[in-house]
Amino acid sequence: MFSDDTDNAPRRMRKQGRDHVTATRQAKRAAAEALGVDAAFIDAMVERFYGLIREDETLGPIFASRVEDWPAHLDRMKQFWRSILHNSGEYSGNPMRKHVMIEGVEEAHFQRWLALFYANLRAMEVSEAGREIVALRARAIADSLLTGIVIHRSGLLGGRAGKNLPHYG
């Protein structure tokens, strides 16, 4: 009653979907790499940034009390940033849950995080367009996490919690 072509339609559609995802990931990675945001840049960015974090009077103690294995944490953050900047799909986790659990974290902490992040970007050798795209993603992440924390604590009144976070530039 059904032809072989009809029987294979779901399989063919899944393959087309996978091919589309693969092509989209490759395009995003190529666009980032064209701006100098390649895997080596991401590795160096993460290493330098968390070096700044560990030395920071405000953020250092927060991270020190939660990160037991720094090499593993840095590897995880490299996966996270490759997923964000290259759409690599290699990171899985729930950063929101981890951040919501930190008592006392507020807007000032995210402002400091972004200030260090932006300073780190400025010190790195990458195109200005590359810096801007990374900075935009970092600010969106900070905004999202801060908003999630405030909503968790205060309900929907915190829906625009990150509106005062600094922008790059």
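Start by selecting helix α5: its buried residues (under 20% relative accessible area with a 1.4 Å probe, protein chains only) are Trp70, His73, Leu74, Met77, Lys78, Phe80, Trp81, Arg82, Ser83, Leu85 and His86. Before going on, note that this is a predicted model, where local features need pLDDT of at least 70, side-chain atom pairs count only at pLDDT 80 or more, and totals for chains, interfaces and linings use all residues. Residues are numbered from 1 along each chain as its sequence is written, and side-chain values use heavy atoms, leaving out hydrogens and water.

Now colour by pLDDT, the predictor's confidence in each residue, from 0 to 100. The chain averages 88, and 92% of the residues score at least 70. Confidence is lowest in helix α1 (residues 4-7), with a mean of 58, and highest in helix α3 (residues 39-55), at 97. Helices here are DSSP runs (H or I, at least four residues), numbered from the N terminus.

Return to α5, residues 70-86, and check its length. The expected span is 1.5 Å times one less than the number of residues, so these 17 residues should span 24 Å; the end C-alpha atoms are 23 Å apart, which agrees.

Helix α5 gives the largest share of the lining, 6 residues.

Finally, select the aromatic rings. Rings of Phe, Tyr and Trp (its six-membered ring) pair if their centres lie within 6.5 Å, and the whole structure has 11 such pairs. Zoom in on Phe49 and Phe117, which sit 5.1 Å centre to centre with 70 degrees between the planes, making them edge-to-face (over 60 degrees). Phe49 is in helix α3 and Phe117 in helix α7, 68 residues apart. Both Phe49 and Phe117 are buried. They belong to one aromatic cluster that also includes Phe63, Trp70 and Trp113.

Key. Helix = DSSP H or I, 4+ residues; strand = E, 2+ residues; numbered from the N terminus. Buried < 20%, exposed > 50% of the residue type's maximum accessible area, 1.4 Å probe, protein only. Phe/Tyr/Trp six-rings, centres within 6.5 Å; stacked < 30°, edge-to-face > 60°.
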